[in-house]
Amino acid sequence: MSITPAAPGSTALAPEIAARLKRTEDGLLPAVAQQYDTGEVLMLGWMDDEALHRTLTTGRCTYWSRSRREYWVKGDTSGHVQQVKSVALDCDGDTLLVKVDQTGAACHTGDRTCFDADVLPLG
C-alpha cells in the first residue's frame, strides 16, 4: 500500500494555519529543526499538513519521509527524540522552524547534526 501526503485541507490542521502555508508541488514544506537553547541547526525534514498537525498536537516532531513515502516520528525507532518547544512559520509561509529539545543524534548517520560532517571551504 502506498501512502501519499495528505491533501491540503484534508487533515485536522487548523484552517487558519493551513491557509497560510505555501507548499511545494507535492504538498510539502521544509522544516528546519533547531536546538531550542543553543540555536544549533540539527536537521531538515519535510512536513505536510498532517505531519504539522501531529507535531503541533503531540509535541513530538512528525515528518514525511520522501524516500519511504510514510510518516515518521523522530525518535520512535532510534530513541533520538525531538521534543517540540515551538514552531514558527517564516515570513513567506513556505518554511517551518521547529525549535526542539533533541535527545541524542539528530542525523541518521549518528552525528549530533546533519550539518557538521561536510563543511565546504570558502574562497
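Predicted model: local features only at pLDDT ≥ 70, side-chain atom pairs only at ≥ 80, totals over all residues.
1. First, some housekeeping. Residues are numbered from 1 along each chain as its sequence is written, and side-chain values use heavy atoms, without hydrogens and water. Local features need pLDDT of at least 70 and side-chain atom pairs count only at pLDDT 80 or more, while totals for chains, interfaces and linings use all residues.

2. The sheet is open, with 4 strands in the order E2-E1-E6-E5 and mixed pairing. Strands here are DSSP runs (E, at least two residues), as are helices (H or I, at least four), numbered from the N terminus; two strands pair if DSSP finds at least two bridges between them. E2 and strand E5 (82-89) are the edges, each pairing on one side only.

3. Within that sheet, strand E1 (residues 29-35) runs parallel to strand E6 (residues 96-102) over 5 bridges. Val32 has Leu97 of E6 as its bridge partner.

4. Helix H2 (residues 49-58) packs on the sheet and touches E2, E5 and E6 (contact means heavy atoms within 4.5 Å). The direction of H2 makes about 120° with that of E5; axes are lines fitted to C-alpha atoms, for helices over the stretch in contact, and angles run from 0 to 180 degrees between N-to-C directions.

5. Of its 23 lining residues, Met43, Arg68, Trp72, Lys74 and His108 are the closest to its centre.

How values were computed: 1 Å grid on protein atoms, 1.4 Å probe; cavity = no way out; pocket = protein on both sides within 12 Å on 5 of 7 lines; lining within 4 Å.
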